[in-house]
Amino acid sequence: MNKILRKRLLRDLRANFGRYLALLLLIIMGIYLVVSIVGSSEMIIHGTEKQKSVNMVEDGQFTVFLPLTDNDISELTADGTQIEPMFSFDLKTEDNGTLRLFRTRESIDLIQLDEGRLASEKGEAVIEKGYASAHELHVGDTVKAGGTNFTITGIGSVPDYDMCIAHFSDTAVERSSFGLLFTTAEQYDELKKRGDLNAEEYTYAYRLGNTTNNELKDKIRAIKISPEQVEDKYFREAIDEILEGRNEIEDGVNELNDGSNKLSDGLAELSGHSSDMRKAADKLFEGYLSQANSSLAALGQKISLTEENYHETLENMIAATHSEQLAALMQSLDDIAEFKSGVYDYTEGADSAADGAAALADGTKEMKSKTDELLDEFFEIDIENLTSFVAAEDNIRIAAAAGDVVMDRNAGLIAGVIVLALFAYVISVFVVHQIEQEQSVIGALYALGVKKKNLMRHYITMPTLIALIAAVIGAVLGFSPIGAGSQAQDSYSYFSIPEFDTVYPIYLIAYAIVLPPVICAAVNAFVINKKLSRTALSLMRNEQSAGSYKQFTLKTKSFPKVFAIRQLVRESRSAVTMVLGMLVSIMVIMLGLDCYVLCSSVRDYTVSDTKYEYQYLYKYPGKTVPEGGEAAYIETLSTDCMGYTLDVTVIGIDGKSRYFDAKPEKGKTKAVINSSLVERYGYKVGDRVVFSDSAADADYSFTVTDISDYSVGFTIFMDIGSMRELFGQDEDYFNTVYSDNELDIDEGRLYSVTTKDDIERSASVFVKLMFSLVSTLVIAGTVIFCVVMYLMLGVMIDRSAMGISLIKIFGYRPKEIRSLYLNGNLFVVAVGAAIAVPLAKKAMDMIFPSFIPNVACSMKLAFPWYLYVLIYCALILIYAVINKLLIGKIKKISPAEVLKNRE
C-alpha cells in the first residue's frame, strides 16, 4: 500500500504543479530575503571583529594641547599600555576637498591595504580607498594636496576611520570631499615645517595594558602644561588673554615692592650718618663753651660754663651786671644748644624712618609672596593638557559599518519572523484545501486498510520536500554574490572597510534550511491529524461542514448580487484568512518603505533646517566676532539609546538667532530640545533630561522649556550666557560662528569649516546607502504578496469548484461566472487593503526605532497621502492581474466536476 501512496506523490505534484510552484517561489523569496539581508550583516559584523586583531585596533584615543613628553609617555605605558601618536594635518585639494595627512602607523590602527604598498620614500603616500574610489584614483597616480604632489603607492583603509568623517559631529560620510593620506615621517615633518598649514591635531591612540579607560584618563588629566611651553601663536594668544589680569596685579605689586626697598635702602644710608652728625654737634657746642669760658676768664670771672649750667650761670650774672656782652654770649650758646638738639632730633627721626622703611620693605615682600599664592590659586598657570578622551566603544568612526548593519540585521530578523508566520499560514491553508479536495480518496484508502500514520506521512512528504528544496535554493541564493554579496555592497560603497569573506552563521543556516521543512511538517501534521480523524464513510461521502454564519435577508432582487454576497459570506473565513495574509506580506513592504521615508526625511529636513551657508568651528577663538557672523557656543554631550552612545550637540545662542528658531530662557538648567529628541524619547515640555560628558565624567540635567522644529541630529539650545557659566567659560567666549557669506578667518584658528553644500551632500548619502535594502524589501514583499494573493484566491475558487461546475451546467457564461465568484473577492481585497495598509504601517512605525538605535536622527516616518493612495492602487492592480490569471482556472473547471462528487 505504501508503494501505491508513493506513486501518488508524482501524480499529486503534476496535478498541483502551479500551487507547488507558487509555494516554492514563496519560500525561496522569503529565505532569500532574510538570508541576503542578515547574511550580509553578519559578514560585516564578523569581518570587522576579525580585523580588530589583524589591524591592532585601538582601545581608545585622546587629544592634547601639546605633545606628550617622553617622560609622560613612559609613565603612561609603565603598566603595559601601548600609546602611539596619530598626529595629523588637514590638506586642501584642488577641488576644495580635504585630505587628512598622517604618518604611516607602526603598531596601532594599522593600514589594511587593498592594493599596492606602504609609502617608503619622500613624496609617496597611501590613500584611503573611499576617496580613491570617488575620484577614480589608482596606484601610480598623483594626487595634489596642500600644494604638494603625492604619488599613490597603495590604496587601503584604517580601522579608526571605518566611518571616514572629518569630525565626530559630522552626520554622514562624503567620500568625494574628505579622505586620508599616509606618508613617511620625513615627508610629514617637512610639511609641518612650512608653517602655512592649519593647526596640527595632537591625537594619540592607545591599547590598554593592566589598567582601565578611566584610570588612564585620570593619569592623562594629571599631566599639566605651563604657558611657557606653548609655541602655537593662537594658543599663546589665548593664554596671554587669560593671564592678562594676573600680569597687571603682579606688575603693580612688584613696583610697590621695588619702591619700598629703595626707600628702605635710602633711609638706612641716611641713618648710618646720624652718629657723625651728633658728634659734630657736640664738638661745635663744646667749642663755643670753651670760647665762652676763655672770654669770662679775660674779664676776671673764674667760672666754668658747662652744657648743664651755662644758661642759669649767665642769667644770674646778667641780672647782677646788666651786661649786654654777657646777654649776647648767652644767646649764642642758646642757639648752638638748640642746633645741637635739632641735630639730635633729626638723627633720631632718620633712625626711626629707617626702621619703618625696613619694616615696610619686609611687609611688601610678604605681601608679594601672599599675592603670588593668591594669583596661583585664582589664575591657574598649569593648564590641563587633555582636550578629549574617547574610548573605542564610544568612537562613531570605529566599527561603524558593523554598527550600521545592526539595523539591517534587525530588519532582516523581523522580516524573518514575518516570513515564517507567512509560511505556516500559507501551508496550513494549502494543506486544508488539499485534504478537502481528496476526502473521498482518503476515505477509500481508509476503507482499504491504509493506516492513519501512513496517510499522514504521505500528505506531509511532498510539501515538506518542496519546502526543503525551496529553503536550500533560497539559502544558496541568499549567501551568493547576488544575495549577501549584493547587500554588502552598500556598506563597501559607504564605509572605508576591506572586503570580508562570506560567513555562514549556524543560526542563520538553521533558520534558512531547517525551519521551513520543520514548520511545514509540523503544520501539516497538526492539520492532517485533525482532518483524518473523521470516519471513512464521512470522508468517502465528501461531507462538508455547514457554515455557521447567521441567516439574513437581502433587499436586492438581483440574483447575481444576492449570489455574490452569499458566496462572500460562505467564504468569510477564507476572506479573513486572505486579509491576514495580505497584512503579513504588506508589513514586509512597509518595512522597506519606512526605511526609504526615514532616509528621505532626514535628507530633506536636514537641508531645510540648515539656514546658514557657513559654519566656522574654532580651535582658538578670538575676542571679537567677525563682521557678518553670528557667534555661538557649542559643546558635545552624549545620551544612551538601547545600549548605544549617541552625541547630543548643545548650542548656546544669544537672543533671537538668524539661523535657529529656538528661543532659550536664561538659566543653567533650562534648555530647548529639538524635535529629533522628542520623536526618539518622547520628551515634552517640563521634563527633566540628563546628558553626559564622558571626558569630564559629569552629568548635566536640564528642564525642557520648549521644543524646536530643528531636526538635525540630537540638539539642545541654551542661552549662551547661561551656557558659558555652566561650562566655566568667560562671559564673551564663543567657539562657533555662523554666516550667510564666507568670512575672512585665519585657518590656524579653526578646526573646520562646513558649508551648506557639504551638509546637502552628506544628507543625500543616506538615501543611496539604503537603496539596496529598500529595493530588496519592497520587491520581495511585493512578490510574496502576489504569491499569497494567488494562492488564497486560487483556494477560494477550488473550494467553489462544485458550485462553478453546477453553474456551468445551467448555461452561465464565463463572464457571468466571474461576476458571481470573483467580483466579491474584489470587495474583500479592497476593504482588506484599506485595513491592512494603515495597520501594517502602524505596526512597522512602532518597532522601527529599534532598528536604528545607533543613529542620532529624527524619526519622521509619516507617509505623504499620495503614497498611501499609490500603495492601495498597486494592491488593487495586483489583484486585477491575478484575477485575470484565475479566469483561466475557472475555465478549466469541467461541468462533470459536480457529477464526480455526487453519490
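This is a short tour of one predicted protein model, with something to select at each stop.

Residues are numbered from 1 along each chain as its sequence is written.

**Whole protein.** Colour by secondary structure: there are 27 helices and 22 strands (DSSP runs, H or I of at least four residues for helices and E of at least two for strands, numbered from the N terminus). Of the 903 residues, 50% are buried (under 20% relative accessible area, with a 1.4 Å probe and protein chains only).

**Thr-639.** Select strand β15, residues 629–641, and find Thr-639 in it. Is Thr-639 buried or exposed? Thr-639 counts as buried because its relative accessibility is 11%. Leaving out residues up to four places away in sequence, Thr-639 touches Tyr-644, Thr-645, Leu-646, Val-648, Tyr-681, Phe-691 and Phe-714 (a contact means heavy atoms within 4.5 Å).

**Second largest cavity.** Select Asp-404, Met-407, Leu-598, Cys-599, Val-602, Phe-766, Leu-769, Met-770, Ile-852, Val-855 and Cys-857, which line the second largest cavity. A cavity is a set of points on a 1 Å grid over the protein atoms alone where a 1.4 Å probe fits but cannot get out; lining residues have an atom within 4 Å of a point. Helices α12 (400–437), α19 (572–609) and α22 (756–799) each supply at least two residues of this lining.

Methods
Predicted model: local features only at pLDDT ≥ 70, side-chain atom pairs only at ≥ 80, totals over all residues. Heavy atoms only, no water. 1 Å grid on protein atoms, 1.4 Å probe; cavity = no way out; pocket = protein on both sides within 12 Å on 5 of 7 lines; lining within 4 Å.
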